[in-house]
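The entries follow in the order in which I checked them.

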Amino acid sequence: MNPAQNRKRMCEVMFEKYKFQGVFVAIQAVLTLYAQGLITGVVVDSGDGVTHVIPVYEGFSLPHLARRLYVAGRDVTRYLTKLLHLRGYAFNRSADFETVRQIKEKLCYVAYDTPMESRLAQETTVLVETYTLPDGRVIRVGPERYQAPEALFKPSLVDLEHAGMADQVFGCIQQAHIDTRPAFYSHIVLSGGSSMYPGLPSRLEKEIKQLYLDVCTYDPHRH
């Protein structure tokens, strides 16, 4: 995914400035699969600024099938800031962004069943957790814990007209050659800091299965 010009410049610096004897530039998605003992699969790499979906077959990435989703950790943090503001907690300074990021990393999770979580939030207090701010104040965080990461699956929540993470993975695999799809569906590997939310793997699996079933059961002759 790194542009050729960037790689060329990097090698130039390595050889001419630092006098390296040799340089090998590897694709991160391929190394992620290698770390799992795999050579074929789909890597969903979600970091701070962007989420990539990259298929790799027999150790070679397939850039023509790669997908990019401009929703990642930074957007989830901003959205959590907005949700907390609606609850009455103001985080306006630049230093507050780091505080909200820490709240996100400690308390947020991905809901497996969003309507169920919504009912729990309305009818009970089981979702409410407390967090002590650097100045000693204690805040209460409830449904915001699952609402913020929901932006990864519904980018419209952060005003982006993109397909969500599950749709991107499904679309990527469906565009691959039909003979390679079973291997891709069998090996979907998550990487990056924004893939570490509790509940994200099971939610992603659930949505991809539902998208697949919707395609399998669709009959265009019904209408």
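This is a predicted model: local features need pLDDT of at least 70, side-chain atom pairs count only at pLDDT 80 or more; totals for chains, interfaces and linings use all residues.

Entry on charges and rings. I looked up R203 and found its charged end over the ring of F153, at 4.4 Å from the ring centre. I then found K206 over the face of Y112, with 4.7 Å to the ring centre.

Entry on aromatic pairs. I find three aromatic pairs in the structure. One of them joins Y109 and Y146 in a tilted arrangement, with 6.3 Å centre to centre and 50° between the planes. Because Y109 lies in the loop between α4 and α5 (114–123) and Y146 in helix α6 (residues 144–147), this pair ties together parts that are 37 residues apart in sequence. I checked burial as well: Y109 is buried at 14% relative accessibility, and Y146 is buried at 4%. Another pair, Y185 with Y212, has ring centres 5.4 Å apart and planes at 70°, so I list it as edge-to-face. Y185 belongs to helix α8 (residues 181–186) and Y212 to helix α9, so here the parts tied together are 27 residues apart in sequence. Y185 is partly exposed at 23% relative accessibility, and Y212 is partly exposed at 40%.

Entry on the nonpolar core. Which residues touch the most other members of the largest nonpolar core? I103 and L152 do, in a core of 37 residues. The elements that give two or more residues to this core are β1 (41–46), α3 (73–87), α4 (94–107), β6 (138–141), α7 (165–174) and α9 (200–217). Apart from this core I noted another, of eight residues, including A29, V30, V43 and I54. Returning to I103, I left aside its neighbours within four places in sequence and found contacts that include L80, L84, F91, C108 and Y131.

Entry on cysteines. How many disulfides are there? I count zero. For C216, the closest cysteine sulfur is that of C172, and at 17 Å it is too far for a bond. C216 is partly exposed, with a relative accessible area of 47%, whereas C108 is buried at 4% relative accessibility.

Entry on S191. I located S191 in strand β7 (residues 188–191), where it counts as buried at 11% relative accessibility. Leaving aside neighbours within four places in sequence, S191 is in contact with T32, V43, V44, D45 and S46.

How values were computed. Residues are numbered from 1 along each chain as its sequence is written. Side-chain values use heavy atoms; hydrogens and water are left out. A nonpolar core is a set of buried Ala, Val, Leu, Ile, Met, Phe, Trp, Tyr and Cys residues joined through side-chain atoms within 4.5 Å. Buried means under 20% relative accessible area, exposed over 50%, partly exposed in between (1.4 Å probe, protein chains only). Helices (H or I, at least four residues) and strands (E, at least two) are DSSP runs, numbered from the N terminus. Contact means heavy atoms within 4.5 Å. A disulfide is a pair of cysteine sulfur atoms within 2.5 Å. Rings of Phe, Tyr and Trp (its six-membered ring) pair if their centres lie within 6.5 Å; planes under 30 degrees apart count as stacked, over 60 as edge-to-face and the rest as tilted. A charge sits over a ring if NZ of Lys or CZ of Arg is within 6 Å of the ring centre and within 35 degrees of the ring normal.
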